[in-house]
Every structure is written in structure tokens, then in C-alpha cells.
Amino acid sequence: MPDLAAYAAHSPFTDPGAHAALLAAVGTDPAALHLAACSTVVHYRAGAEQLVPGQDADIDLRWLSDILGEAQERLAGPLDVTRPTAQQIAGCCRDHTLVAIGVLREHGVPARSRVGFAGYFRAGFHHDHVVAERWDGARWVRFDAELDMAENWFGFDSHDMATGLGAPFETAAEVWLAHRRDGLDVSTYGVDPSMPELCGPEFVRAYVVIELAHRQRDELLLWDVWGDTLPETSTQSDELDRLADEVAELLVAADAGSSDAEASLEERYASDPRLHPGGGVVTLSPTGRVGDADLVERVNRWRS
């Protein structure tokens, strides 16, 4: 199962390739991570009015080495210097987090991404979101690389966030179990209130699987689908619910410190094709592009 040594090493997704020196030059303090993440990546929705034509195609860049390479093509230089929007990479929270954990791993600091929902961007709604965690020698410290603590707009420490149901950021597993056990209304959990088709129980259920993938160091795009997250899956809804129940319970138990749950998650992820992306995924891009993505070639090249 992923241990501290594994989380301190790059995954195929965070491996910077030829751009390792860029990550090594960034400090590991929260302010430096925030600056590097938000100078490299502009949110494709929050910054939509500032994007140049065609820049939104960046959002399907999956590998950190490609993100860094494209950024350097547009404007060569360090990551922790503010860039004009047109020289940034259009992405989302997953990409901000990828930069932050890439920096930490390059410095040998155990780091991982967490998938769930943030209640701090819009009152009464919980946007799908990805944040980071770093090991401080005693515990996992959760932080949001998108937020500038110096501005403190949100009223909590974004560099050491509270955890658990009801916290500013809730994991997909926590939300799913609260829905299933306690009847939590998850109609306000999703991409945006204007997109009800991307909110609610089925959306949260799919995010439990994405959360598992990220915990296993497969930091996939939020619009990558595979196995039973594919829209055309033939698996019955009640079976998908039970599978999400089992995975969510293990994720929450692992967060509470259960090594048995961690081991079970690794075994389930490796052996169950409903959970693991295998050799490829289907990308349902917000740009409208739909396409198959082969993961095998890049992963094999990384392993060699």
C-alpha cells in the first residue's frame, strides 16, 4: 500500500521529467506552494474571461511534465514568479494541487491529493474540489494550494485545514456515507448550481472512486472516467451504491489510522476493474471533447 516513502516519491502524474529543477527551486512553505501553483495554473472557469482563444484546451493536460513543459514554452522561467494569464496553463483545482504535491515530492516530502467538496466558495453549495495533504512528521496536514492565507478571505487556516464531515473541505467518502447513513441531501454537492446534472448522489458516488484513485497515487483528471464511472455502465445502481459504501467506509477508516483499511484499499483498487482505470480512461472534457486516453505508454516509460 502507499506508505510515506511512496508518497514522498513521484507518481507518473507528478513526475516533472526534464523540469525537475523548476520544482526543486520552489520552497516547501505554504506561501511558496501557493505562489507556484497559482502562477503556473489559472482556473479555467474563474479566469475564463482572461483566457486567450484555444487556451481552454490546456485543461486536458494530465501529466505534470506536460503542464510544466507547456508553461515553459509560453514563458521560460521559475514557477514562483507571477505570469500573465496568457502564459499560464488553464486548469483547475486538480492542477493547482498537482503542482503543489509535485514540489513537495521533489523535495522528498510525503504528499498526496484528496478529492471531495469545498463549502467555502459559495454559500449553500459544495463545489467539487481537490486539495493537498503533506506529512509534517506526525500527521497529515491538509491545505488548499489555491488559497492565499495572507488574504484570509475564508475565515479558516487554509494551510492547516480542519478535517471530517462539516469541515470546510469534506472528502467524497465522508459525504457519501453521510448521504447513505444519515440522509444528507447531496443536491448541493457537485460542479455548480447551474449544472444540476453534475450534482447529487450519482455524482458524489463517482467521486468516491476518483478519491480512491488519487489516494493510490493515480492523480487523474476529474473528467476521466473508467470502469463503472463510465456513463454507459451496465452495472445496476444498487450494486454501484454498495460498492461505493464499501470503498467509502475503507477510505474513512484509513483516514482514522487503520492500516488494515489501507491494505484493503490497495488490494481492492489493484484487483477490481470497476475501480482501477487499467490501461486507459475516457476523457469527458468540459470543453466538449470526448476521447480515449491511453495511460500505458506513459506509465511504462516512467517505470523504465
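## Burial and the case of Arg-217

A residue is called buried when its relative accessible area is under 20% and exposed when that area is over 50%, with partly exposed residues in between. Arg-217 has a relative accessibility of 15% and therefore counts as buried. The structure discussed here is a predicted model. Arg-217 belongs to the loop between H7 and E8, and its phi is positive, near 75°, although the residue is not a glycine.

## Nonpolar cores

The largest nonpolar core holds 73 residues, and the members that touch the most others are Phe-117, Tyr-207, Leu-222 and Val-247. Helix H7, residues 201-215, gives the most to this core, namely eight residues. Another core, of seven residues, lies apart from it and includes Ala-118, Tyr-120, Phe-156 and Phe-169. In soluble globular proteins, nonpolar side chains tend to be buried together.

Helix H3 spans residues 30-40, and its buried residues are Ala-32, Leu-33, His-34, Ala-36, Ala-37, Ser-39 and Thr-40. These residues pack against strand E1 (41-43), helix H4 (64-74), strand E2 (89-91), helix H5 (93-106), E4 and E5.

In helix H6 (residues 172-182), the buried residues are Ala-172, Ala-173, Glu-174, Val-175, Trp-176, Leu-177 and Ala-178. The packing partners of the buried H6 residues are strand E3 (111-122), E6, strand E7 (189-190), H7 and helix H8 (237-255).

## The E4-E5 hairpin

Strand E4 (residues 125-135) runs antiparallel to E5, and four bridges join the two. Four residues lie between the strands of this hairpin, in which Gly-137 adopts a positive phi near 105°. Across the pairing, Glu-133 stands opposite Arg-142 of E5.

In a regular strand the side chains alternate between the two faces of the sheet. In strand E5 (residues 140-143), Trp-140 and Arg-142 point one way, Val-141 and Phe-143 point the other way, and all of them are buried. Beyond its neighbours within four places in sequence, Trp-140 is in contact with Leu-4, Tyr-7, Pro-110, Ala-111, Arg-112, Glu-133, Arg-134 and Trp-135. The C-alpha atom of Trp-140 is separated by 17 Å from that of Ala-172, which is 32 residues away along the chain.

## The E8-E9-E10 sheet

Three strands form an open sheet in the order E8-E9-E10, with antiparallel pairing. Strand E8 (224-225) and E10 stand at the edges with a single partner strand each, so one side of each has no neighbour in the sheet.

Five bridges connect strand E9 (residues 280-284) to E10 in the antiparallel sense. Thr-283 has Gly-291 of E10 as its bridge partner, while Val-281 stands opposite Ala-293. Gly-291 and Ala-293 form the covered face of strand E10 (residues 290-294), whereas Val-290, Asp-292 and Asp-294 form the uncovered one. The hairpin of E9 and E10 has five residues between its strands, and Gly-288 takes a positive phi near 100° there.

## Salt bridges

The structure holds 26 salt bridges. One of them joins the side chains of Arg-74 and Glu-70, at 3.0 Å from N to O. The two residues are four places apart in helix H4, and therefore about one helical turn separates them. Arg-74 is partly exposed at 25% relative accessibility, and Glu-70 is likewise partly exposed at 31%.

The side chains of Glu-133 and Arg-112 form another salt bridge, at 2.7 Å from N to O. This pair links distant parts of the chain, with Glu-133 in strand E4 and Arg-112 in strand E3, 21 residues apart. Glu-133 counts as buried at 3% relative accessibility, as does Arg-112 at 4%. In the salt bridge of Arg-122 with Asp-192, the closest N and O atoms are 3.2 Å apart. Here strand E3, which holds Arg-122, is linked to the loop between E7 and H7, which holds Asp-192, 70 residues apart. Arg-122 is partly exposed, with a relative accessible area of 40%, but Asp-192 is buried, with 7%. Through shared partners, salt bridges join Arg-112, Arg-114, Glu-133, Arg-142, Glu-211, Arg-215, Asp-255 and Glu-262 into one network.

Conventions. Residues are numbered from 1 along each chain as its sequence is written. This is a predicted model: local features need pLDDT of at least 70, side-chain atom pairs count only at pLDDT 80 or more; totals for chains, interfaces and linings use all residues. Side-chain values use heavy atoms; hydrogens and water are left out. A nonpolar core is a set of buried Ala, Val, Leu, Ile, Met, Phe, Trp, Tyr and Cys residues joined through side-chain atoms within 4.5 Å. Buried means under 20% relative accessible area, exposed over 50%, partly exposed in between (1.4 Å probe, protein chains only). Two strands pair if DSSP finds at least two bridges between them. Contact means heavy atoms within 4.5 Å. A salt bridge is a side-chain nitrogen of Lys or Arg within 4 Å of a carboxyl oxygen of Asp or Glu.
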